[in-house]
Amino acid sequence: MMDIREPVYGWGEAVRAVVDLVNDGSFPGAPPDAVLAPRGTRGEIVNVGHHEESNQPVYLVEFARGEGAGSPLVVGCLEEEIERAGAGGTQA
């Protein structure tokens, strides 16, 4: 049995997308390949899970959308797709 890889980020932590987060077909109500959260979009981790097969954390991140764009989106993200909001990079 392998040890479970511990998550780097925690619940409630402010993060930013480091890549365009694109619908892989698993996000309902958005066309495949639609950009759900552009690079630099800020969000907050609302849950942390674990993908058993790949032994890696999966983060549910609530990303705010621009004014008048509708409700925030909750998107599943891997560690390499997000960074702490205080880290260097593009500001949204």
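Colleague: How many bridges join β1 to β7, and do they run parallel or antiparallel?
Modeller: Three bridges join β1 to β7, and the two run antiparallel; strands are DSSP runs of E with at least two residues, numbered from the N terminus, and two strands pair if DSSP finds at least two bridges between them. This is a predicted model, where local features need pLDDT of at least 70, side-chain atom pairs count only at pLDDT 80 or more, and totals for chains, interfaces and linings use all residues. Residues are numbered from 1 along each chain as its sequence is written, and side-chain values use heavy atoms, with hydrogens and water left out.

Colleague: Which residue in β7 stands opposite R16?
Modeller: E83 in β7 stands opposite R16.

Colleague: What about β1 and β4?
Modeller: Strand β1 (residues 14–17) is joined by three bridges to strand β4 (residues 42–51), and these run antiparallel. Within β4, G43 stands opposite V15.

Colleague: Changing topic, where does E79 lie?
Modeller: E79 lies in the loop between β6 and β7 (82–84).

Colleague: Is E79 buried or exposed?
Modeller: E79 counts as buried because its relative accessibility is 12%; buried means under 20% relative accessible area, exposed over 50%, and partly exposed in between, with a 1.4 Å probe and protein chains only.

Colleague: Which residues is E79 in contact with?
Modeller: Leaving aside neighbours within four places in sequence, E79 is in contact (heavy atoms within 4.5 Å) with R5, E6, P7, V8, Y9, P57 and Y59.

Colleague: And V74, where is that found?
Modeller: V74 is found in strand β6 (residues 73–77), and V74 counts as partly exposed because its relative accessibility is 36%.

Notes
Helices (H or I, at least four residues) and strands (E, at least two) are DSSP runs, numbered from the N terminus.
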